[in-house]
Amino acid sequence: MSTAVATARPREVLADLLPASRVRDVALVLGGAALTGLAAQISVPVPHSPVPVTGQTFAALLVGTTLGARRGLAALALYALAGLAGVPWFAGGSSGVSVSFGYVLGMLLAATVVGALARRGADRSVVRMAGTMLLGEAIIYAIGVPYLAYAADMSPTAAIAAGLTPFLIGDALKAALAMGVMPAAWKLVRR
C-alpha cells in the first residue's frame with residue numbers, strides 16, 4: 001500500500017492515491033459533501049451583513065483540490081441539492097434558498113476549477129496553492145456578491161461592503177492554512 005502512495009504522478013490528486021473503485025468515488029463524494037456541511041456549521045455572524053463567516057468555503061476548496069474537478073463538483077452539487085431539499089447543513093444549520101445561496105453556487109464552480117488545477121500539480125507547492133486558493137475565493141465572490149445584491153435588493157457597493165470586504169482577512173488566513181496543508185500532505189504521502 002505504501003508503494004501506491006509513494007508513486008504519485010503529476011496528473012493525480014490526493015484522492016487518486018486510494019485504490020480505485022466506484023465505492024471509493026461514491027464515498028469521497030459523500031464525504032466531501034458532509035465535510036462541507038459540517039464546516040458550514042462553524043458560523044459567526046458579521047455585523048451589518050446577512051452573510052456569516054463560516055468554514056464552508058475553506059472546506060469546499062479543499063474538497064475540490066483533494067478530490068479533483070469531477071468528484072469535487074459532484075460533492076458540492078450533492079451538498080447544494082441536499083441543502084435545497086431541506087437538509088439543514090448550510091451556514092448555521094439553515095437550508096433552502098437564502099440571500100447567501102450565491103456563495104454556494106460559486107463553490108460549485110470554484111471546486112471544479114481548483115480541482116482541475118490540482119490535477120496539474122497546483123496543490124503541491126506553497127506558491128501555486130496560494131494562487132489556486134485565491135482564484136477559488138475570487139470565483140466564489142464573483143458569483144456570491146452579485147447574487148447577494150440581487151436577492152437582498154442591495155446596490156453593488158452595499159453588496160461588496162456586506163458580502164466581500166468583511167471576509168477578506170479571514171479568507172487570507174484560510175488560504176494560508178491551505179498553502180501549508182496541501183503541500184505538506186503531498187510530502188507526507190511521498191514518504
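I take contact to mean heavy atoms within 4.5 Å. With that settled, I can open with L164, which touches Y141, V145 and A159 once residues up to four places away in sequence are left out. I am working on a predicted model.

**Entry 1: L164**

I looked up where L164 sits and found it in the loop between α7 and α8 (168-189). Is L164 buried, exposed or partly exposed? Its relative accessible area is 22%, so I log L164 as partly exposed. I also checked its separation from F101, a residue 63 places away along the chain, and read 14 Å between the two C-alpha atoms.

Next I went to α6, which covers residues 126-151. I count 26 residues in this helix, and from its first C-alpha to its last it reaches 37 Å. At 1.5 Å a residue I would expect 38 Å, and the value I have is close to that.

After α6 comes D153, and I stopped there for its backbone. The phi of D153 is positive, near 55 degrees, in a residue that is not glycine. I place D153 in the loop between α6 and α7. With 72% relative accessibility, against a cut-off of over 50% for exposed, D153 goes down as exposed.

**Entry 2: α6 against α7**

I then followed the chain into α7, residues 156-163. How do the axes of α6 and α7 cross? They come within 8 Å of each other, at roughly 120 degrees. That angle makes α6 oblique to α7, and I note the crossing as right-handed.

On the α6 side of this contact I listed Y141, V145, L148 and A149, and on the α7 side A159, I160, A162 and G163. Sorted by type, the residues here are seven nonpolar, one polar and no charged.

Moving back along the chain, I checked the length of α2. Its end C-alpha atoms are 27 Å apart, and its 19 residues should span 27 Å at 1.5 Å a residue, so the two agree.

Which residues of α2 are buried? My list reads R24, L28, V29, G32, A33, T36, G37, A39 and A40. For their partners I wrote down β1 (43-44), β2 (53-54), α3 (56-67) and α4 (69-84).

An arginine on that list made me look again. R24 lies in α2, which runs over residues 22-40. Its relative accessibility is 13%, and because buried means under 20%, R24 belongs on the list. Leaving aside neighbours within four places in sequence, I find R24 in contact with A15, D16, L18, P19 and R71.

**Entry 3: α2 against α3**

For this pair I read axes that come within 7 Å and cross at roughly 160 degrees. An angle over 145 counts as roughly antiparallel, and that is why I describe α2 as roughly antiparallel to α3. The crossing is right-handed.

From α2, the residues in this contact are L28, G32, L35, T36, A39 and A40; from α3, they are Q56, A59, A60, V63 and L67. I sorted them into eight nonpolar, three polar and no charged. A reminder to myself on spacing: an α-helix has 3.6 residues a turn, so residues three or four places apart point the same way.

What is the phi of H48? It is positive, about 65 degrees, although H48 is not a glycine. Relative accessibility for H48 comes to 80%, so I mark this residue as exposed.

**Entry 4: α3 against α6**

The axes of α3 and α6 come within 11 Å, crossing at roughly 125 degrees. I therefore call α3 oblique to α6, and α3 passes α6 in a right-handed crossing.

The contact uses T57, F58, L61 and T65 from α3, with M129, M133, G136, E137 and I140 from α6. By type I have five nonpolar, three polar and one charged.

Technical notes: Residues are numbered from 1 along each chain as its sequence is written. This is a predicted model: local features need pLDDT of at least 70, side-chain atom pairs count only at pLDDT 80 or more; totals for chains, interfaces and linings use all residues. Side-chain values use heavy atoms; hydrogens and water are left out. Helices (H or I, at least four residues) and strands (E, at least two) are DSSP runs, numbered from the N terminus. The expected span of a helix is 1.5 Å times one less than its number of residues. Buried means under 20% relative accessible area, exposed over 50%, partly exposed in between (1.4 Å probe, protein chains only). Axes are lines fitted to C-alpha atoms, for helices over the stretch in contact, and angles run from 0 to 180 degrees between N-to-C directions. Angles under 35 degrees count as roughly parallel, over 145 as roughly antiparallel, 65 to 115 as roughly perpendicular and the rest as oblique. A crossing is left-handed if the near helix is turned anticlockwise from the far one by less than a right angle, and right-handed if clockwise. Ala, Val, Leu, Ile, Met, Phe, Trp, Tyr, Cys and Pro count as nonpolar, Asp, Glu, Lys and Arg as charged, and the others, Gly among them, as polar.
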